[in-house]
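Please open the model in your viewer, with the sequence panel beside it, and follow the selections below in turn.

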Amino acid sequence: MDESAGFGVGIDVGTENVRAVVMSLNKDGSLAVVGYNEGKNAGMRKGTVANLTGPAEAIDRMLGEVERMSGYQVTKAYVSINGANVMSAKADGMIALGGIDHEITYDDMERVENAAVVGRVPANRTILDVLPLSYTLDEQDGIKDPIGMTGSRLVMNASVISVLAPTAANLAKVAECAKIDVQKMVPSVVAAARAVLSEKQMENGVAVVDLGSATTSVAVFEEGDLQYVGVIPIGANNITNDLAIMLQIDTDTAEDIKRRFVTGSFDDSDKDIIVRKGREELTFPREEVYQVAQDRLKEIFLGVKNELKTAHYDHRLPEGIVLVGGGAKMREISAFAKEVLEASVRVAMPKGFGGVADAIEKPEYAAAVGLAMMATLEGGAAPAKKQKRKSGGGKQGKSGGIFAKIFGGF
Ligand SMILES: Nc1ncnc2c1ncn2[C@@H]1O[C@H](COP(=O)(O)OP(=O)(O)OP(=O)(O)O)[C@@H](O)[C@H]1O
Ligand SMILES: [Mg+2]
């Protein structure tokens with residue numbers, strides 16, 4: 001490992017799973033994965049924090065192994081945020097520049113950004129990011145970077161990503177309990193996009209769909225910029241639950257059937273599906289299993305289609321749709337999505353990194369990898385301390401310590 005390299009950490013706080021990735025920036029500018037881990041989460045509902053101890057303990061426990069593998073202590077990270085109240089909106093701001101010869105400075109950029117957002121976002125929402133889409137200088141529009149240009153009136157057109165204030169505040173508290181400084185909160189689908197999209201795709205027009213356990217999030221990119229974010233509160237676990245209810249089985253058996261047998265194509269084999277549960281052998285008509293799963297899958301992708309319509313991007317994405325998240329591992333899912341969305345669809349995973357990256361080349365790691373990339377490249381990555389976390393050290397963690405202190409022995 002390059003000792004002088006900067007490090008960045010991404011933590012994806014999913015409803016079912018927490019994942020972390022540590023990256024290092026090598027001297028040649030390349031990124032290497034130096035640590036990763038995942039673990040089951042608890043205490044989340046549809047992408048948002050429902051109690052503080054569950055996710056804080058899950059993160060703490062999971063980071064023990066990440067620190068052991070990378071050899072570095074995780075004290076700060078880019079963290080994912082999710083939930084149906086994550087949204088984007090377009091905003092305009094205008095400022096006068098005071099004189100025709102005025103050269104635009106960073107101060108002016110800050111002023112125009114303030115003009116675009118102050119008073120435009122309801123007080124109960126926290127702004128996660130303001131992404132400039134384009135600027136208009138006097139009558140000239142479509143300017144990407146007006147710094148140093150001259151003019152008298154500057155208009156900024158931006159995409160503002162926000163979330164309900166308690167959603168962000170509670171996630172921040174979870175991170176605090178796990179002794180992590182949140183450098184930035186990023187919607188999980190936006191982070192995932194960073195890990196799997198090329199610049200060309202983002203330029204031409206593409207949508208990323210993160211099919212998680214309890215949510216399905218959509219992000220649309222065009223002209224290199226994020227144009228839209230939306231989150232639907234249905235995910236791949238709804239399929240498991242439907243199977244459990246309709247087939248009258250426990251959710252573990254339903255999950256097993258979903259992973260091994262359900263497919264997005266119309267398999268016309270009429271063989272029954274047989275699963276073993278202990279000594280018992282359970283038999284289910286294949287057609288019924290497919291019907292239940294595909295009905296829900298259709299609802300999910302119709303939800304995605306609706307998001308694309310709201311964003312005014314249905315049938316307008318030359319680079320098609322890219323699927324990530326654990327739900328994207330369902331067999332033949334891209335064929336199914338293609339039919340519903342009437343667009344080209346492919347499943348993607350983070351690729352092309354050095355180090356121990358092989359193990360995280362999976363669609364469900366996209367968000368954590370994207371967050372780690374952002375943290376390493378934008379987060380002022382610094383050499384991390386060579387010291388292990390006191391709490392999550394063992395397999396079970398020693399969470400009792402910090403949590404007992406913070407929660408007074410919850
Ligand atoms: N091989 C597989 N086949 C089908 N589904 C799978 C497979 N592996 C995982 N899944 C599903 O992926 C989902 C978990 O995905 P993921 O870890 O991305 O969710 P999450 O990030 O915890 O949730 P969310 O993003 O909704 O908050 C579960 O519903 C799980 O059943
Ligand atoms: Mg997720």
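Is Glu332 buried, partly exposed or exposed? At 44% relative accessibility Glu332 counts as partly exposed, where buried means under 20% relative accessible area, exposed over 50%, and partly exposed in between (1.4 Å probe, protein chains only).

Before going further, note that this is a predicted model, in which local features need pLDDT of at least 70 and side-chain atom pairs count only at pLDDT 80 or more, while totals for chains, interfaces and linings use all residues. Residues are numbered from 1 along each chain as its sequence is written, chains are lettered from A and ligands numbered from 1 in the order in which they are written, and side-chain values use heavy atoms, with hydrogens and water left out.

Most residues other than glycine have a negative phi. Next select His312, in the loop between helix 8 (286-310) and strand 17, where phi is again positive, near 65 degrees, in a residue other than glycine. His312 counts as exposed, because its relative accessibility is 58%.

**The domains**

Colour the chain by domain: domain 1 (6-83 + 166-196 + 352-407), domain 2 (87-165) and domain 3 (198-347), with bounds that come from an automatic or database domain assignment. Between the C-alpha centres of domain 1 and domain 3 the distance is 26 Å, and 16 residues of domain 1 are in contact with 26 residues of domain 3, contact meaning heavy atoms within 4.5 Å.

Now select the open sheet of five strands, whose order is 14-13-12-17-18 and whose pairing is mixed; two strands pair if DSSP finds at least two bridges between them. Strand 14 (225-232) and strand 18 (345-347) stand at the edges with a single partner strand each, so one side of each is left without a neighbour in the sheet. From one strand to the next the twist averages 20 degrees. Helix 4 (residues 188-196) packs on this sheet and touches strand 12, strand 13 (216-222), strand 14, strand 17 and strand 18, its direction making about 55 degrees with that of strand 13; axes here are lines fitted to C-alpha atoms, for helices over the stretch in contact, and angles run from 0 to 180 degrees between N-to-C directions.

Within the sheet, strand 12 (residues 206-211) and strand 17 (residues 321-324) run parallel and are joined by four bridges. Asp210 stands opposite Val324 in strand 17. Centre the view on Val324, which counts as buried because its relative accessibility is 1%. Leaving aside residues up to four places away in sequence, Val324 touches Ala192, Val196, Val208, Val209, Asp210, Leu211, Ala348, Pro363 and Ala366.

**The nonpolar cores**

A nonpolar core is a set of buried Ala, Val, Leu, Ile, Met, Phe, Trp, Tyr and Cys residues joined through side-chain atoms within 4.5 Å. The largest has 71 residues, of which Ile11, Val21, Met23, Ile59, Leu63, Leu197 and Val369 touch the most other members. Helix 10 (residues 366-378) gives the most to this core, with nine residues. Select Leu197 and display its surroundings: not counting residues up to four places away in sequence, Leu197 touches Met202, Val206, Val208, Phe221 and Val322. Apart from this core lies another, of 43 residues, including Ile232, Phe261, Val262 and Ala293.

**Helices and a hairpin**

Move to helix 1 (residues 53-70), which is mostly covered, with 13 of its 18 residues buried. Just after helix 1, Gly71 takes a positive phi of about 80 degrees. In helix 3 (residues 165-177), the buried residues are Thr167, Ala168, Leu171, Val174, Ala175 and Cys177, and just after this helix Lys179 takes a positive phi of about 60 degrees.

Finish at strand 15 (residues 273-277) and strand 16 (residues 280-284), which pair in the antiparallel sense over five bridges. Ile273 has Phe284 as its bridge partner in strand 16. Two residues lie between the strands of this hairpin, where Gly278 takes a positive phi near 65 degrees.

How values were computed
The expected span of a helix is 1.5 Å times one less than its number of residues.
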